[in-house]
Amino acid sequence: MSQKKLAGVGLGLRREMIDDLLPDIPKQVDFWEVAPENWIPLGGKYQQQLTEFTKQTNFVNHGLSLSIGSSDPLDINFLKDVKAFLDRHSVLYYSEHLSYCSGEGHMYDLMPIPFTKEAVSHVVDRIRQVQDIIERPLVLENVSYYAAPGQEMSELDFTVQVLEKSGCLMLLDVNNIYVNSINHKYDAQEFLRAMPSGKIVYGHIAGHYDEADDLKVDTHGADVIQPVWDLLEQAYEIHGVFPTLLERDFNIPPIETLLLEVEKIRSIQKRVASKHSQIGALA
Ligand SMILES: [Fe+2]
């Protein structure tokens with residue numbers, strides 16, 4: 001393939017999809033995302049298939065277990081394995097969650113980091129350590145959360161401070177902003193507008209579960225709803241069009257159905273890009 005570059009629309013690649021997709025990788029998808037934890041331990045057939053896949057297409061990694069906010073020491077051996085995986089498959093970016101999932105043992109869930117000054121400097125130090133080991137910038141995602149223990153500052157201030165002080169880049173999850181804005185009663189547009197445009201490498205969009213009018217749960221198990229599509233369009237208007245990946249982890253429909261949502265992302269990208277090129281041409 002031609003030179004690797006992150007652009008367009010992406011989709012998550014799951015192990016059970018690879019047999020069906022590999023003979024004829026859908027051209028509608030410009031880049032694919034895998035969790036390195038799910039692939040590093042595999043041998044033989046799966047490694048060969050993944051190598052075949054990554055040679056032909058663009059890839060990003062979206063990790064699950066880095067636990068950047070934890071008070072436990074970083075798992076250096078794991079990070080060395082991640083670096084080898086990124087190098088081997090020419091992965092364009094390694095993204096993770098601005099959260100933690102361990103503390104004297106693994107918790108198997110993404111927990112919110114307390115939004116405090118102390119936590120900002122703790123996380124910033126750890127991001128720098130990670131970047132030294134993987135020898136590329138870490139990309140961190142704004143996460144959904146359901147409780148905010150020990151809150152000294154807003155999620156917005158915490159997120160911006162970590163991004164600015166650490167030198168890391170950002171994965172902007174539009175559905176997480178929507179879900180958090182309802183659960184924690186803030187203005188999604190204001191949050192979106194405050195994100196640093198120059199840091200955004202790519203975005204996520206997903207469906208969620210409506211537990212109640214004032215409680216949304218980020219499940220990645222349903223179709224994307226219209227207010228989240230609208231927020232994605234606003235994100236492109238504010239920050240410029242950025243590569244965007246559809247997340248779907250539960251109730252997974254056939255690939256043909258997923259590709260309809262992939263195409264919907266692309267149509268929004270095209271609409272905003274052409275609107276701005278027209279405005280540019282008129283100026
Ligand atoms: Fe996400």
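1. Strands of a sheet pair through backbone hydrogen bonds, either parallel or antiparallel. Two strands pair here if DSSP finds at least two bridges between them. Strands (E, at least two residues) and helices (H or I, at least four) are DSSP runs, numbered from the N terminus.

2. The model is predicted: local features need pLDDT of at least 70 and side-chain atom pairs pLDDT 80 or more, while totals for chains, interfaces and linings use all residues. Residues are numbered from 1 along each chain as its sequence is written, and side-chain values use heavy atoms, leaving out hydrogens and water.

3. Which strand pairs with β1 over three bridges? Strand β12 (residues 244-247) does, in the parallel sense, with β1 covering residues 9-12. Leu11 has Leu246 of β12 as its bridge partner.

4. Helix α7 (residues 174-183) and helix α9 (residues 226-239) cross at roughly 120 degrees, and their axes come within 9 Å. Axes are lines fitted to C-alpha atoms, for helices over the stretch in contact, and angles run from 0 to 180 degrees between N-to-C directions. The angle makes α7 oblique to α9; oblique is what remains after roughly parallel (under 35 degrees), roughly antiparallel (over 145) and roughly perpendicular (65 to 115). From α7, the contact (heavy atoms within 4.5 Å) involves Val174, Asn175, Ile177 and Tyr178. From α9 come Pro227, Val228, Leu231, Leu232 and Ala235. By class, this contact has eight nonpolar, one polar and no charged residues.

5. Helix α5 (residues 117-134) packs against helix α6 (residues 155-166) at about 40 degrees, with the axes 9 Å apart. This makes α5 oblique to α6. Residues of α5 in the contact include Ala119, Val123, Ile127 and Arg128, and those of α6 include Phe158, Val162 and Lys165. The classes are seven nonpolar, three polar and two charged residues.

6. Is Ile68 buried or exposed? Ile68 has a relative accessible area of 0% and is therefore buried (under 20%; exposed is over 50%, partly exposed in between, with a 1.4 Å probe and protein chains only). Ile68 lies in the loop between β3 (58-62) and α4 (76-88).

Conventions
Ala, Val, Leu, Ile, Met, Phe, Trp, Tyr, Cys and Pro count as nonpolar, Asp, Glu, Lys and Arg as charged, and the others, Gly among them, as polar.
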